[in-house]
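Please keep the sequence at hand as you read.

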Amino acid sequence: MMWKKFLPNDFVPSVRDISPEYLKKREIQGIITDLDNTLVEWDRPLATPDVRSWMENMKAHGIRVVIVSNNSKKRVFAFADPLNVPFVCRAKKPLGKSFRKALEILDLPKEKVAVVGDQLLTDIYGGNRSGFFTILVVPVAQSDGFMTKINRMIERKLFRWFEKKGLFPWKEGVRGKSVDL
Ligand SMILES: [Mg+2]
């Protein structure tokens, strides 16, 4: 069923809810994470102290992290370099190529890697069709770049449909108003 590829394996309010314990329970040792509106607001150039300590905590627990973003090299490099985190930019998610590249960087079997992101159409769909465990987060900001705005319109329809089918047990306040459910 096509629509199943848009459904995440799990959903959490924020990347901060993805702890080493959470990952250990699921036997996950690596993370492929989106950048814009997943780690920080799409228009915030640098990591917040929060994100920085999340990254450091992951490293301290032996969890490998790679950033995979559809955004430009300029944007992704400026964000990832100070954190000393590897990245794939201009990723063209949901296409599979960048996920394969990220997996090479992580040097882990696919079964031990989770894809994290704020969008169903790029992060979750891409992660699912490449065979990863997928985790959806609430977008950090309620605003989006131009292309994402278009994706959100389709996403809202998917959310409504999932809700109607009882497939997506979002609780009020978890997803919040960010997608106008
Ligand atoms: Mg994003």
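The magnesium ion has three protein donors, Asp 34 (OD), Asp 36 (O) and Asp 118 (OD), lying 2.1 to 2.2 Å from it. Donors here are N, O and S atoms within 2.8 Å of the metal (3.2 Å for Na, K and Ca); water is not among the atoms, so sites may look incomplete. Along the chain, the donors of the magnesium ion follow the spacing D-x1-D-x81-D. Asp 34 sits in the loop between β2 (30-33) and α2 (49-60), and Asp 118 in the loop between β5 (113-117) and α5 (120-129), so the pair ties together parts that are 84 residues apart in sequence. Helices (H or I, at least four residues) and strands (E, at least two) are DSSP runs, numbered from the N terminus.

A word on the model: it is predicted, local features need pLDDT of at least 70, side-chain atom pairs count only at pLDDT 80 or more, and totals for chains, interfaces and linings use all residues. Residues are numbered from 1 along each chain as its sequence is written, and side-chain values use heavy atoms, with hydrogens and water left out.

How covered are individual residues? The table gathers some relative accessibilities, where buried means under 20% relative accessible area, exposed over 50%, and partly exposed in between (1.4 Å probe, protein chains only).

| Residue | Relative accessibility | Class |
|---|---|---|
| Asp 34 | 7% | buried |
| Asp 118 | 0% | buried |
| Met 153 | 48% | partly exposed |
| Glu 27 | 56% | exposed |
| Asp 107 | 61% | exposed |

The largest nonpolar core has 27 residues, of which Ile 18, Ile 31, Met 55 and Ile 67 touch the most other members. Such a core is a set of buried Ala, Val, Leu, Ile, Met, Phe, Trp, Tyr and Cys residues joined through side-chain atoms within 4.5 Å. Two or more residues come to this core from each of α1, α2, β3 (64-68), α3 (73-83), β5 and β6. A second, separate core of 13 residues includes Ile 32, Val 68, Val 88 and Val 115.

Helix α5 is mostly covered, with 9 of its 10 residues buried. Among them are Leu 120, Ile 124 and Tyr 125. The cover over the buried residues of α5 includes α4, β5, β6 (133-137) and α6. After α5 comes Gly 131, with a positive phi near 90 degrees.

Some backbone details also deserve a look. Lys 93 and Pro 94 are joined by a cis peptide bond with omega of about 15 degrees, and Pro 94 lies in the loop between β4 (87-88) and α4 (97-106). Glu 27 is not a glycine, yet its phi is positive, near 55 degrees; Glu 27 belongs to the loop between α1 (20-25) and β2. Asp 107, also not a glycine, has a positive phi of about 55 degrees and lies in the loop between α4 and β5.

Finally, the surface carries a nonpolar patch formed by Phe 146, Met 147, Ile 150, Met 153 and Ile 154, with about 530 Å² of accessible area together. Patches are made of residues with over 30% relative accessible area and no salt bridge, like charges being joined within 9 Å and nonpolar side chains (Val, Leu, Ile, Met, Phe, Trp, Tyr) within 5 Å. A salt bridge is a side-chain nitrogen of Lys or Arg within 4 Å of a carboxyl oxygen of Asp or Glu, and accessible areas come from the Shrake-Rupley method with a 1.4 Å probe, only the protein chains shown counting as cover for residues. Met 153 has its place in helix α6 (residues 146-164).

Key:
Contact means heavy atoms within 4.5 Å.
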